[in-house]
Each structure stands twice: as C-alpha cells, then as structure tokens.
Amino acid sequence: MPYQGPKSHEFFERAKKVLPYGVNSNFRYHDDYNTPVVADAQDQYVFDFDGRKYIDYRLGFGPIILGHTDPFVNGRVKAAIDHGISFASTQELEVRVAERIIDMAPGVEMVRLTNTGSECTMHALRLARGYTGRDLVVKFEGSYHGAHDYTLWSTAGGNPEKVGNRQRPTAYKMSWGIPEVMRDLIQVLPFNDVEILGDFLQEKGDQVATIIMEPILGNGNAIMPRPGFLEFVREQCDQYGILLIFDEVKTGFRIAAGGARETFGVIPDISTYAKALGNGYPIAAIGGKREIMMNIAPGKVFQGGTYTGNTVSTAAADAVLEYMQTGQVFPKIEKVGRMIMDGYHEILTRHNVPHVINGVPAMFGYALMTDEPMYDWRDLHKADWDMYEEITRYMIEHGVLPEADGLEPYFLCSDHTEENAATTLQVFEDGLKHVLGK
Ligand SMILES: Cc1ncc(COP(=O)(O)O)c(C=O)c1O
C-alpha cells in the first residue's frame, strides 16, 4: 500500500504540476505515491490530507527539537514581528542569540548569523580559505554540508561503484552543473580512519585550508566517531595549520545544549549551526574563535545576506535557546530516544535479526542484516536497506513516520513521550514480523 491516501495523492498530483517532482528540495521526493505530504502539524505529530495522524520522527530532517507549533517559540515570534522584521541594521535579538550561543557552545567566542545550513557552511569554508590562504578542502565520504558546489561531492547518496579505492577515494559529483574544475579543490576521505587521513596530510597537509566534518555522520545513519578520532583530527589540524570545521547543522543544539563540542570535548576552530537552533524557523550561525572570526571583515572575508538576523528567525532562536537553557529539553529527549534505541536492539535480538544501532538518542539510526560495527559510509552498504524500507513502509501505514531512507536518522523532539516510544516499538515489532513473514 502506498503512504499517500487518495486525498494526499490528489494533492501531490497538484503539487507535481507546478513544482518539479512536487517538492521544493530533491531530498523530499521518494516516488509518486510514497512521498510524504503534510496538511497540518502539532507537537510531535503530523497529519496528511486524508486525516491520518503520524508520530513524526522526520521532524523536517531535524530542526524540530521542541515539537511543531511550540507555543513558547511561536508566541515570541508573534510578539516580535509587530516591531518590524528586516532592517539592514543590527537589532537586539541578533545580539541576544549570539550571546546565548557563546554561553552554550564551549569555545565559541564570536558568531555571525545566516539563514540556512548551506549558507553558513559556504561562508565557513570561505573563512577557512581566506584565513589560511589555501584552497584545498577535505571532507569525509557520506557527509553532507549543503547544496553549494564546494562540498556537494560524495554525499550519502553517492554511487559506491564509482568512488574508487578507500585509501584515496575519487570524489563523486552529486549534481549536474558542478564545474569539473572544482574537483581540484576537494579531497574526500573515509570517516574514522586515522591512518588514511594521517597519510594524506603527510603528503598534502600544507595545502589544506580546512577539514569540514559532521562530528556524527548525521547524513549516514548517524555513524559515531570512533573514540579518539575527533581528537586525532584536531591534533592533525594543529600540526599542519589547518582550520577544523565541525558542521553541527544536525548535531548542534540537538545532541546536547553545547552540541558536539560539549558531547565529545573537542573544540574545532569553527562550528556551523542551523536546524535545531530555530526549531524550524530558518536561521543558522557560524561560531568560532575571535581571532578567526574577526577576519570576516570589509576587504577581507565576505559574509552577508539581506535576511540575516531578521526578526522572525532571531526571535525564534532566542526563544529556543532560552528554553534550552532551563535544562528541560535534553533529559527528556535522551530518555525517550534511549527507550526506542534499546527497544529496537531488544526486539531485533529476540527475532535473531543481525543489526547495528548507530547514533545517540536525539538522532539515531539502525541497519539490518549485518552486525559488523559501522565506521564509515562504505560500511553502510553492507546492510539490507530494502528490508529497512519495507519495515518503515509498514510503520508509516500504521501511524509512525521515520524517513524511509535509512541513511537519514530518526530525530527526537522534547514533545515525544514514553507512550509514543511504546507505540513505536510495538509498530516496529509488528512491521518486522510482517517482513519476516511471522
Ligand atoms: C550536516 C549538514 N550540513 C548542512 C546542511 C545544509 O543545511 P540546509 O538544508 O539548511 O541548507 C545539512 C542539511 O541537511 C546538513 O545535514
């Protein structure tokens, strides 16, 4: 059975007439019958056009950390917009958001705001290149850093047959229209491999401007960094004068109040934030050391945008961060997320299905039919993703909505309850039994 009921499908047909493939982001298209559409949302739930209600674990691909339509955040936005929304001048909300980020994210000394994750990684890469005077960027296979040409290479959907050997992978171009000459500016390496990274840097470390990385592979089933890997990257960056960028668009203000900096205790030179920072309102930030950030300056590194620091987004982020600073968000997410992660492990073990669980309670993934620990994007191809999708399809039909593509993790928000977790586990086990023919 397709996910779309008759009314949802009719709506999607209408959307396809005016939007290529009926969506405003390629990531959202699944197929003509199983692309999720939404008519309404409330707290931890979304509703489709047939009136079906789903426990939402997609959460807009991660930003919704406090639940949809959060009254505290929406109330602040509503109050703020009556005082004007766009000024091309600094307003207090921007400063408040920057002050809160600096309070919450260890080692961040200064901030610039942007609107989207792609925008902030684009600017962060320019800053790193401008600061070091070097052009080469290192990224890891399977990580996604936004829609720009700089790093749209070898992201999670790349073709495993066209990426060359692990030792020195070939960068795989993820879109038509990316100039071939840009290949010379990017080096792709496997995540979590200190030997390969160390060898590469020994040869070319003095040409590398930055290593940009998702500290957890948030676009690859939430594969975790191996113990010591982040520390090794930090140490290598120091040795070769390379700037380390943690792309925390997914992990920031999600895995902890201070993101990966707090969770792993490793401090990069620059972090990029978006998603959970605004609970769905479009806002992003670049945060880093004063000495580096002060190079964003007239005549030096350019950063700008008409809508950066607008009232709608900054009022939302100010409210999100203020609420997080009360300490109420993360223990709740941790508890419910942990219940689901542990529950999946227990159910899969009981049914003798080999599996791996990746990630942390706020964003986690699982993979089936392999029990070898996963360390990089190539390891993901050992799993059975058809089986994953079949289970997920069953779950969606029964009111639980994770992303059908297993590369995208489950996301939790502080509105999810233990009752939601219990329902999810029940539906997951039913789906598993259905697929196993039990
Ligand atoms: C780690 C990471 N960086 C950057 C981006 C790009 O963010 P945006 O979609 O807001 O441009 C994403 C989006 O999913 C992401 O996951």
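Buried residues make up 49% of the 438 residues in the chain; a residue is called buried if 20 or more other C-beta atoms, placed from the backbone, lie within 10 Å of its own, exposed if 12 or fewer do, and partly exposed in between. The model is a predicted one, in which local features need pLDDT of at least 70 and side-chain atom pairs count only at pLDDT 80 or more, while totals for chains, interfaces and linings use all residues. Residues are numbered from 1 along each chain as its sequence is written.

**Overall form**

- A compact globule of 438 residues would have a radius of gyration near 22 Å, and the chain agrees with this, at 21 Å; the radius is taken over C-alpha atoms, and the globule rule is 2.2 Å times the number of residues to the power 0.38.
- The C-alpha trace spans about 60 × 55 × 45 Å along its principal axes.
- The chain contains 13 helices and 14 strands, which are DSSP runs numbered from the N terminus (helices: H or I, at least four residues; strands: E, at least two).
- Of the contacts between residues at least 6 apart in sequence, 72% join residues at least 24 apart; two residues are in contact if their C-beta atoms, placed from the backbone, lie within 7 Å.

**The seven-stranded sheet**

- An open sheet of seven strands has the order S4-S10-S9-S8-S7-S5-S6, with mixed pairing; two strands pair if DSSP finds at least two bridges between them.
- Its edge strands, each pairing on one side only, are S4 (110–114) and S6 (186–189).
- From one strand to the next, the twist averages 20°.
- Strand S8 (residues 243–247) runs parallel to strand S9 (residues 270–273) and is joined to S9 by three bridges, with Phe246 opposite Ser271.
- Strand S7 runs parallel to S8 as well, through four bridges, and Ile212 stands opposite Ile245 in S8.
- Because five of the five residues of S8 are buried, this strand is largely enclosed by the rest of the structure.
- In a regular strand, side chains alternate between the two faces of the sheet.
- In S8, Leu243, Ile245 and Asp247 point one way, whereas Leu244 and Phe246 point the other way.
- Helix H5 (residues 194–204) lies across S5, S6 and S7, at about 155° to S6; such angles run from 0 to 180 degrees between N-to-C directions, and axes are lines fitted to C-alpha atoms, for helices over the stretch in contact.

**The three-stranded sheet**

- A further open sheet, of three strands, has the order S11-S12-S14 and antiparallel pairing.
- Strands S11 (355–360) and S14 (410–411) form its edges, each pairing on one side only.
- Two bridges join S12 (residues 363–368) to S14, and Phe364 stands opposite Tyr410.
- Helix H10 (residues 329–350) lies across S11 and S12, running at about 170° to S11.

**Met395**

- Met395 belongs to helix H12 (residues 385–397) and is buried, with 23 other C-beta atoms within 10 Å.
- Leaving aside residues up to four places away in sequence, Met395 touches Val400, Pro402, Val427, Phe428 and Gly431.

**The ligand shell**

- The ligand is surrounded by 16 residues, the closest being Thr116, Gly117, Ser118, Gly146 and Val249; a residue is near a molecule if its C-beta atom, placed from the backbone, lies within 6 Å of it.
- Helix H4 (residues 117–132) supplies the largest share of this shell, three residues.
- The shell divides into five nonpolar, eight polar and three charged residues, where Ala, Val, Leu, Ile, Met, Phe, Trp, Tyr, Cys and Pro count as nonpolar, Asp, Glu, Lys and Arg as charged, and the others, Gly among them, as polar.
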